[in-house]
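We will walk through the model stop by stop, with something to pick at each one.

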Amino acid sequence: MLFPLLVAALVIPVVIWHAQLWQLFGSVRRLRTWIEGWGTAAPLIFMGVQAIQVVVFAIPGEFVQIAGGYLFGGWLSILLSLSGILVGSTVAFFLSRLLGRPFVAAVVPKAQLERVEKLLESRSSQVVFFLLFLIPGIPKTSCATSPGSRR
């Protein structure tokens, strides 16, 4: 019962506001203007956007972080980004603990899930995944696909 509610809570807003979301997150300038419009609440809004970006992995984090740098300067944007990332990571962690492997098995084809699990058991692939996460601009959600898999 929880899984359909969670999917609906994520999918319905995206379906309803997909054009506005695409427009907002498709440009650093538009995202910056939108966040600036919140006035003194802008830092909290920025942290919230950063947290949402972590949970909704399809949103490119680079746009959010570049907009933060323009808005708040180097050090403050780092602090706000890291705070938002911490909040988003905490939410993602608790969602994964709540939904667990059954959720992943319900949304990922069995063959792909088995391939990823086998890859993750290899020490060399763990090192490669770690190094890929250090490179800015590489989508972090695609790091677990094997070289022969199609997206």
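The tour goes from confidence to the core, then to the salt bridges and the surface.

**Before you start**

This is a predicted model, where local features need pLDDT of at least 70 and side-chain atom pairs count only at pLDDT 80 or more, while totals for chains, interfaces and linings use all residues. Residues are numbered from 1 along each chain as its sequence is written, and side-chain values use heavy atoms, with hydrogens and water left out.

**Stop 1: colour by confidence**

Colour the chain by pLDDT, the predictor's confidence in each residue, from 0 to 100. The chain average is 80, and 85% of the residues score at least 70. Confidence is highest in α3, at a mean of 91, and lowest in α1, at 71; helices here are DSSP runs (H or I, at least four residues), numbered from the N terminus. Now select residues 142-151: pLDDT stays under 50 there, and the model has 13 contacts beyond four places in sequence for this stretch. A contact means heavy atoms within 4.5 Å.

**Stop 2: the largest nonpolar core**

Select Phe25, Leu31, Ile35, Phe46, Val49, Val64 and Phe72, which touch the most other members among the 14 residues of the largest nonpolar core. Such a core is a set of buried Ala, Val, Leu, Ile, Met, Phe, Trp, Tyr and Cys residues joined through side-chain atoms within 4.5 Å. Buried means under 20% relative accessible area, exposed over 50%, and partly exposed in between (1.4 Å probe, protein chains only). Which helix gives the most to this core? It is α4, with four residues. Centre on valine 64 and show its neighbours: leaving out residues up to four places away in sequence, valine 64 touches Phe25, Leu31, Phe46, Val49, Gln50, Gln53 and Ile59.

**Stop 3: three salt bridges**

The whole structure holds three salt bridges, each being a side-chain nitrogen of Lys or Arg within 4 Å of a carboxyl oxygen of Asp or Glu.

- Pick arginine 101 and glutamate 117, whose side chains form a salt bridge at 2.6 Å, N to O. Arginine 101 sits in helix α5 (residues 74-107) and glutamate 117 in helix α6 (residues 110-121), so this pair ties together parts that are 16 residues apart in sequence.
- Pick arginine 32 and glutamate 36, which meet at 3.5 Å, N to O. Both are in helix α2 (residues 28-36), four residues apart, about one turn of the helix.
- Pick lysine 110 and glutamate 114, joined at 4.0 Å, N to O. Both lie in helix α6, again four residues apart. Lysine 110 is exposed, with a relative accessible area of 62%, and glutamate 114 is partly exposed at 44%.

**Stop 4: a nonpolar surface patch**

Show the surface and select Ile12, Ile16, Trp17 and Leu21, a nonpolar patch with about 390 Å² of accessible area together. Isoleucine 12 is in helix α1 (residues 2-25). Why is isoleucine 12 called partly exposed? Because its relative accessibility is 46%.

**Stop 5: a serine to finish**

Select serine 125 in helix α7 (residues 123-134). Is serine 125 buried or exposed? Serine 125 is buried, with a relative accessible area of 10%. Setting aside residues up to four places away in sequence, serine 125 touches Leu119 and Leu120.

Conventions
Patches are made of residues with over 30% relative accessible area and no salt bridge: like charges are joined within 9 Å, nonpolar side chains (Val, Leu, Ile, Met, Phe, Trp, Tyr) within 5 Å. Accessible areas come from the Shrake-Rupley method with a 1.4 Å probe; for residues, only the protein chains shown count as cover. Helices (H or I, at least four residues) and strands (E, at least two) are DSSP runs, numbered from the N terminus.
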